[in-house]
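Have a look at the model first, then read on.

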Amino acid sequence: MTTETQSDSPPGPSGLRRAGRTGSTSLRVGVSVVWLSVIVLMPLAAIAWQAADGGWQAFWLSVTSHAALESFRVTLTISVGVTILNAVFGLLIAWVLIRDDFVGKRFVDAIIDLPFALPTIVASLVMLALYGHNSPAGLHLQHTVWGVGVALAFVTLPFVVRAVQPVLLEIDRETEEAAASLGASGPKIFTSVVLPSLTPALLSGAGLAFSRAIGEYGSVVLIGGAVPGKTEVSSQWIRTLIENDDRTGAAAISIVLLSISFVVLVLLRLAGARAAKRAEMAA
């Protein structure tokens, strides 16, 4: 008399479903990794390879030249200032769009996405028409740091607003009402109840805004004018190096910008994760 073991029996419906889910997951992961490699990893590897083409000494000379250091100084100074400014006003705008009702609210909400849809060179042309020598507003910001700052603020504002909005929408209003019933003032409720929940999203949006600002080119090319040591940002210096057939130097500057952006994003993500954990423990 022969006895069939359990392993010889055909798999049941649950086993087939698990096998199907595993196969689907593997396929999705594989497609995602391939697409990520083609779109992100391969270009990054190519720019790193080109930056290293001349050796470490050539790389170091490219990123420490006077023009490169001046472009880094201008880029980072303006980008940090614009990021802080947009973190404040982006939070304010998100708050108004979520918590307040007013005429034209949907129109204002749609305008927030305009910098995403508008070609950046068109944004620079708009800034030039508004703040150039023939400014209808009487503000002459062409070839000034303020002009570059306004252009960068325009293209980076949506990152903060759109990062904060969904989180603000999901915040439990009952907690705020409970704090108010206990006698907490409006500013106290905001800083103790609302802001801790918004901090991770706010830091994430600020990080994306900063990364976009340090690599921006199109929106500042006309209003900034690329004045060396004054309004020439690193992306414009890269363009100058390419025009002078110094592709290795241009790649080296690009690697520095990429590294700064990556480090800032990682640090802000870590800070946001810690803030979220503290908010969860406090709740």
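## The greasy patch

Helix α1 (residues 13–51) supplies nine residues, the largest share of a nonpolar surface patch. Helices here are DSSP runs of H or I with at least four residues, numbered from the N terminus. The patch covers about 940 Å² and is built from V34, W35, L36, V38, I39, V40, L41, M42, L44 and L258. To count in such a patch, a residue needs over 30% relative accessible area and no salt bridge, and nonpolar side chains (Val, Leu, Ile, Met, Phe, Trp, Tyr) are joined within 5 Å. Accessible areas come from the Shrake-Rupley method with a 1.4 Å probe, and for residues only the protein chains shown count as cover.

L258 sits in helix α12 (residues 247–282). Its relative accessible area is 39%, so L258 is partly exposed. For these labels, buried means under 20% relative accessible area, exposed means over 50%, and partly exposed is in between.

## What you're looking at

This is a predicted model, so local features need pLDDT of at least 70 and side-chain atom pairs count only at pLDDT 80 or more, while totals for chains, interfaces and linings use all residues. Residues are numbered from 1 along each chain as its sequence is written, and side-chain values use heavy atoms, with hydrogens and water left out.

## Where α3 meets α4

Two packed helices are described by the angle between their axes and the distance between the axes. For helix α3 (residues 66–99) and helix α4 (residues 105–112), the axes come within 10 Å and cross at roughly 145°. The axes are lines fitted to C-alpha atoms, for helices over the stretch in contact, with angles running from 0 to 180 degrees between N-to-C directions. The α3 and α4 crossing is left-handed, meaning that the near helix is turned anticlockwise from the far one by less than a right angle.

Which residues meet at this crossing? On the α3 side there are I93, L97 and I98, and on the α4 side K105, V108, D109 and I112. Contact here means heavy atoms within 4.5 Å.

## Salt bridges

Searching the whole structure turns up six salt bridges. The test is a side-chain nitrogen of Lys or Arg within 4 Å of a carboxyl oxygen of Asp or Glu. One of them pairs K105 with D101, at 3.4 Å from N to O. D101 is out in the open, exposed at a relative accessible area of 74%. Another joins D109 to R162, with 2.8 Å from N to O. D109 belongs to helix α4 and R162 to helix α7, so this pair ties together parts that are 53 residues apart in sequence. Both partners are partly exposed: D109 has 28% relative accessibility, and R162 has a relative accessible area of 23%.

R212 and E216 make a salt bridge too, with their closest N and O atoms 2.8 Å apart. R212 is partly exposed, at a relative accessible area of 22%, whereas E216 is buried, at 4% relative accessibility. As for linked pairs, salt bridges that share partners join D109, D113 and R162 into one network.

Is S79 buried or exposed? S79 is buried, with a relative accessible area of 0%, and its place is in helix α3. Setting aside residues up to four places away in sequence, S79 touches L152, F210, A213 and I214.

S62, in helix α2 (residues 55–63), also counts as buried, at 17% relative accessibility. Apart from neighbours within four places in sequence, S62 is in contact with A68, G249, A252 and I253.

## Loops and an exposed tryptophan

Most residues other than glycine have a negative phi, and most peptide bonds are trans. H143 has a positive phi, near 60°, and belongs to the loop between α6 (120–131) and α7. This histidine is partly exposed, with 32% relative accessible area. D245 has a positive phi as well, near 65°, in the loop between α11 (234–243) and α12. D245 counts as exposed, at 62% relative accessibility.

W146 lies in helix α7 (residues 145–170). W146 is exposed, with a relative accessible area of 68%. Its C-alpha atom is separated by 9.6 Å from that of I223, which is 77 residues away along the chain.

How values were computed. Patch = residues over 30% accessible without salt bridge, like charges linked within 9 Å, V, L, I, M, F, W, Y side chains within 5 Å. Helix = DSSP H or I, 4+ residues; strand = E, 2+ residues; numbered from the N terminus. Buried < 20%, exposed > 50% of the residue type's maximum accessible area, 1.4 Å probe, protein only.
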